[in-house]
Amino acid sequence: MMGTAIFLTLFACLPVILALNPQCNPGKEGMLNVHLVCHTHDDVGWLKTVDQYYYGAQNDIQRAGVQYILDSVVRALLEDMTKKFIYVESAFFFRWWDEQDEDMQNNVKMLVDEGRLEFINGGWCMNDEGGAHYNAMIDQMTLGLMKINSTFGENSRPTIGWQIDPFGHSREQASLFAQMGMEGLFFGRLDHDDKDTRWANKTLEMIWEGSANLGKLSASTPKSHGDQMCHIKRCMHKDGQTGFI
Ligand SMILES: [Zn+2]
């Protein structure tokens with residue numbers, strides 16, 4: 001799994017995102033509109049323990065201190081109302097949240113209400129898809145999503161699945177996300193030949209019906225009955241070569 005970092009992700013602003021987030025710039029009609037949104041990918045344990053990642057200890061193993069990401073991002077959002085940020089991992093977010101005073105918590109609630117701080121995925125972590133039992137996937141997603149809901153309300157509900165670092169992907173994960181109401185799924189790491197073919201054929205976006213039994217229901221959201229758009233994420237290496245990092 002990748003280390004703690006903030007990535008920039010390129011994606012076209014889907015109509016559903018616009019509808020849910022009026023802060024999203026509508027762009028220009030007749031053009032390919034690209035939005036850059038900063039987001040987290042903070043491993044809830046990998047080379048270091050969760051505590052070490054959060055507090056920034058053992059930086060000789062990996063330079064990572066998640067609490068400082070949240071400190072600095074929230075400060076930047078409060079200073080500039082044109083800025084937006086996406087947070088993914090509930091385990092780290094609520095650890096930070098519990099350490100904040102009431103004034104800061106109210107400021108963060110304001111940012112969430114305004115759509116400038118958005119949660120996606122929202123599970124306790126970004127679970128593995130190959131070795132995890134589906135009960136565990138549901139449990140960890142439930143824990144994170146319930147915390148978001150009870151803290152920030154229904155409008156903060158994540159609508160995008162975000163699986164950018166598991167080593168391989170399962171149709172059950174896609175199906176579960178659709179049944180949870182996710183309206184899109186971004187993932188990284190897939191077979192390189194598959195990736196290269198899709199890149200060449202411009203088929204990195206697709207509709208994924210994860211369940212043969214559920215059919216369309218595993219690709220639709222109960223809310224909109226729209227299709228769950230699946231977008232395969234590509235990362236950019238420092239040397240400019242595309243690939244997975
Ligand atoms: Zn990772």
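Trainee: Where is Leu78 found?
Mentor: Leu78 is in helix H3; helices here are DSSP runs of H or I with at least four residues, strands are E runs of at least two, and both are numbered from the N terminus. Keep in mind that this is a predicted model, where local features need pLDDT of at least 70, side-chain atom pairs count only at pLDDT 80 or more, and totals for chains, interfaces and linings use all residues. Residues are numbered from 1 along each chain as its sequence is written.

Trainee: Why does Leu78 count as partly exposed?
Mentor: Because it has 15 C-beta neighbours inside 10 Å. The scheme calls a residue buried if 20 or more other C-beta atoms lie within 10 Å of its own, exposed if 12 or fewer, and partly exposed in between, with C-beta atoms placed from the backbone.

Trainee: OK, Tyr134 next. Which helix is Tyr134 in, and what does Tyr134 touch?
Mentor: Tyr134 belongs to helix H6. Leaving out residues up to four places away in sequence, Tyr134 touches Glu172 and Leu176; contact means that the two C-beta atoms, placed from the backbone, lie within 7 Å. For Tyr134 and Glu172, 38 residues apart along the chain, the C-alpha separation is 7.6 Å. Tyr134 is partly exposed because it has 13 other C-beta atoms within 10 Å.

Trainee: What about contacts across the protein chain, how many join residues at least 24 apart?
Mentor: Among contacts between residues at least 6 apart in sequence, 64% do.

Trainee: Switching to H4. Which residues of helix H4 are buried?
Mentor: In H4, residues 90-97, the buried ones are Ser90, Ala91, Phe92 and Phe93. Their cover includes helix H2 (50-55), helix H3 (66-79), strand S3 (85-87) and helix H6 (134-152).

Trainee: What does Phe92 touch?
Mentor: Asp42, Val44, Tyr54 and Val66, not counting residues up to four places away in sequence. Phe92 also turns up in the largest nonpolar core, which has 37 residues: Val66, Tyr87, Phe92, Phe177 and Met182 touch the most other members. A nonpolar core here is a set of buried Ala, Val, Leu, Ile, Met, Phe, Trp, Tyr and Cys residues joined through C-beta atoms within 7 Å.

Trainee: Which helix gives the most to this core?
Mentor: Helix H7, residues 171-180, with 5 residues.

Trainee: What unit does H7 make with S5 and S6?
Mentor: A right-handed β-α-β unit. Right-handed means that, with the strands pointing away from the viewer, the path from the first strand over the helix to the second runs clockwise. Strands S5 (160-163) and S6 (184-187) run parallel and are joined by 4 bridges; strands pair if DSSP finds at least two bridges between them. One partner pair is Trp162 with Phe186 in S6.
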